[in-house]
Amino acid sequence: MGSSVSLGEGCDIAAGATVGHEYGSDTQPPVIGDEATIRAGTIVYDDVAIGNRFNTGHNAVIRELTEIGDDVLVGTNTVIDGRTSIGSGVSLQTGVYIPSHTTIGDDVFIGPHAVLTNDPLPIREAVDLVGPTIEDHVSIGGNATILPDVTIGKGSFVAAGAVVTKDVPPNTLAIGVPAVHKQLPPELDSPNQIR
């Protein structure tokens, strides 16, 4: 851990974690709030700002220019590829991939091995990268795939394995490949209870 990293009170940084990975000559050390737990193998780049009660699994990667709120879990082998904003009360489970230029709201759950994308034409054409926008209280099931520049509306639920190719309206169930929109069943029609 770099000597100039700004850590809040009560943080537990495991041996073997890297907090303050310099990726250029003019980077700034990360700022991490109170009561963080960062497990072995995790790498937090410079130019990252993280709130209170942050937790990681093992081998997570949080790249540069990422802002993370309070009460966030970044699971084992999850990658946040930088230039991303993540709200408070977010739970990213094992193996989640968050590309650059993504926005995630508050109280969001993203299940194991879900993949968000930001390039509509990978290595075919030079285009601006635009990640998805995940609004507050969204749940995304395991192994779901969210395509670039898609907005998942507040309170929506993306089923496991779904491939979301277009915007999902608020309070909607997205299910299937490609995902179709259905009314939320009563048991899913409530806010996430993450915190």
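Two residues are said to be in contact when heavy atoms of theirs lie within 4.5 Å. With that cut-off, and leaving aside neighbours within four places in sequence, valine 158 in this predicted model is in contact with Ser139, Ile140, Gly141, Ala144, Ile146, Ile152, Val164 and Ala174. Valine 158 also belongs to the largest nonpolar core, which has 41 residues, and is listed there among those with the most contacts inside the core, together with Phe54, Ile110, Ile140, Ile152 and Val164. At least two residues of this core are supplied by each of the strands β6 (43-45), β7 (48-50) and β9 (61-62). As a general background, nonpolar side chains in soluble globular proteins tend to be buried together.

Turning to the chain as a whole, its secondary structure comes to 26 strands and 0 helices. The radius of gyration is 17 Å, close to the 16 Å that the globule rule gives for 195 residues, and the chain is therefore as compact as a globular protein of that length. Along the principal axes, the C-alpha atoms fill a box of roughly 50 × 40 × 20 Å. Of the 195 residues, 44% count as buried, while the chain exposes about 9200 Å², of which carbon and sulfur atoms supply 49%. Among contacts between residues at least 6 apart in sequence, 24% join residues at least 24 apart.

How are the strands arranged in the open sheet? Eight strands form it, with parallel pairing, in the order β1-β4-β7-β10-β13-β16-β19-β22. The edge strands, each of which pairs on one side only, are β1 (6-7) and β22 (151-152). Strand β19 (residues 133-134) runs parallel to β22 and is joined to β22 by 2 bridges, and within this pair isoleucine 134 has isoleucine 152 of β22 as its bridge partner.

Because its relative accessible area is 2%, which falls under the 20% limit, isoleucine 104 counts as buried. Apart from neighbours within four places in sequence, isoleucine 104 is in contact with Ser85, Ile86, Gly87, Val90, Ile98, Ile110 and Ile134. The C-alpha atoms of isoleucine 104 and glycine 89, which are 15 residues apart along the chain, are separated by 11 Å.

Serine 91 is found in strand β14 (residues 91-92), and with a relative accessible area of 11% serine 91 is buried. The side chains of serine 91 and glutamine 93 are joined by a polar contact of 2.6 Å. Not counting residues up to four places away in sequence, serine 91 touches Leu73, Val108, Phe109, Ile110 and Ile194.

Finally, the strands β25 (residues 172-175) and β26 (residues 180-183) run antiparallel and are joined by 4 bridges. In this pair threonine 172 stands opposite glutamine 183 of β26. The two strands, β25 and β26, form a hairpin with 4 residues between them, and glycine 176 in the turn has a positive phi of about 105°.

Terms used. Residues are numbered from 1 along each chain as its sequence is written. This is a predicted model: local features need pLDDT of at least 70, side-chain atom pairs count only at pLDDT 80 or more; totals for chains, interfaces and linings use all residues. Side-chain values use heavy atoms; hydrogens and water are left out. Two strands pair if DSSP finds at least two bridges between them. Buried means under 20% relative accessible area, exposed over 50%, partly exposed in between (1.4 Å probe, protein chains only). A polar contact is a pair of N or O atoms within 3.5 Å; within protein, one must be able to donate a hydrogen and the other to accept it, and residues adjacent in sequence count only if both atoms are side-chain atoms. A nonpolar core is a set of buried Ala, Val, Leu, Ile, Met, Phe, Trp, Tyr and Cys residues joined through side-chain atoms within 4.5 Å. The radius of gyration is taken over C-alpha atoms; the globule rule is 2.2 Å times the number of residues to the power 0.38. Accessible areas come from the Shrake-Rupley method with a 1.4 Å probe; for residues, only the protein chains shown count as cover.
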